[in-house]
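Keep the 3D view open while you read.

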Amino acid sequence: MSITKKILIALLGVLIIIQFIKPAKNQSSAPSPNDIFANFQASDSTKQLIRTSCYDCHSNNTVYPWYAEIQPVAWWLADHVNKAKSELNFSEFASYTPKKADHKLEEVIEVIQEGEMPLKSYTLIHGNAKLSEAQKTEIITWAKELRNQIKPNIK
Ligand code: HEC
């Protein structure tokens, strides 16, 4: 057997073995009482926008595409979701102190203004998550209003 063939077979073996090492899915069965929209006002359209463009990474429930069943793709996605949730979790937003909530909304405004979020690697595949200028303005206006609402509670 040629060396190339041996290497290919070894690689295939590794690919098959890693299929059995699945990361836990980000899918909570219980409703989230601390979800931002269960506690703070937003128009239906704004809720829809944020759920479509941010919730796959920044909430307790990801809607997984079929290829999320394949390793190492699933590891890569799980890493994104874990990092994203540790920065900002809309499902737990109402548990943040007013100071933290205000700061997170400030960051939301920044990342949208700078076009950093949703991640490019995500909008490439999820075209519907891409935000138009009007949609960006809608989210930013909502975030600013919410900041004004939260600010008086900062101690
Ligand atoms: C594909 C996954 C994904 C999507 C979708 C996504 N984010 Fe993120 N987000 C991340 C990751 C990962 C981080 C962690 C920081 C990093 O590595 O860039 C992050 C970080 C953040 C931060 C922290 C601030 C910072 O500068 O790091 C904010 C705020 C944020 N995202 C807001 C949003 C908003 C608002 C949306 C929707 C419009 C969104 N994200 C959509 C993955 C995502």
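## Before we start

This is a predicted model, where local features need pLDDT of at least 70 and side-chain atom pairs count only at pLDDT 80 or more, while totals for chains, interfaces and linings use all residues. Residues are numbered from 1 along each chain as its sequence is written, and side-chain values use heavy atoms, with hydrogens and water left out.

The helix names come from DSSP runs: helices are H or I runs of at least four residues, strands are E runs of at least two, and the numbering starts at the N terminus.

## Helix α3 and its two sides

Start with α3, which covers residues 44–53. Its buried residues are Thr46, Leu49, Ile50 and Ser53 (buried means under 20% relative accessible area, exposed over 50%, and partly exposed in between, with a 1.4 Å probe and protein chains only). Those residues cover an arc of only 90 degrees around the axis, so they sit on the same side of α3; the arc is taken from the directions from the helix axis to the C-beta atoms. Over on the other side, Asp44 and Gln48 are exposed.

What covers that buried set? The cover includes α2 (36–39), α6 (120–123) and α7, with contact meaning heavy atoms within 4.5 Å.

Serine 53 belongs to α3 and is buried, with a relative accessible area of 6%. Leaving aside residues up to four places away in sequence, serine 53 touches Pro118, Tyr122, Ala129 and Leu131.

Lysine 47 is also in α3. With residues up to four places away in sequence not counted, lysine 47 touches Phe37 and Ala42. Between lysine 47 and tryptophan 75 there are 28 residues in sequence and 28 Å in space, going from C-alpha to C-alpha.

## Where α3 crosses α7

Two packed helices are described by the angle between their axes and the distance between the axes. For α3 and α7, the axes come within 10 Å and cross at roughly 110 degrees. That makes α3 roughly perpendicular to α7. The axes are lines fitted to C-alpha atoms, for helices over the stretch in contact, and angles run from 0 to 180 degrees between N-to-C directions. Under 35 degrees counts as roughly parallel, over 145 as roughly antiparallel, 65 to 115 as roughly perpendicular, and the rest as oblique.

At this crossing, Ser45, Thr46, Leu49 and Ile50 of α3 meet Gln135, Glu138, Ile139 and Trp142 of α7. Sorted by type, the contact has four nonpolar residues, three polar and one charged (Ala, Val, Leu, Ile, Met, Phe, Trp, Tyr, Cys and Pro count as nonpolar, Asp, Glu, Lys and Arg as charged, and the others, Gly among them, as polar).

## Helix α5 and its partners

Next up is α5 (residues 98–113), with 16 residues. From first C-alpha to last it reaches 23 Å, close to the 22 Å expected at 1.5 Å a residue; the expected span is 1.5 Å times one less than the number of residues. Ala101, Asp102, Lys104, Leu105, Val108, Ile109 and Ile112 are buried in α5. They cover an arc of only 160 degrees around the axis, which puts them on the same side of α5.

The buried residues of α5 pack against α4 (73–87) and α7 (133–150). On the face turned away from the buried side, you'll find the exposed residues Lys99 and Gln113. Just past the end of α5, glycine 115 takes a positive phi of about 70 degrees.
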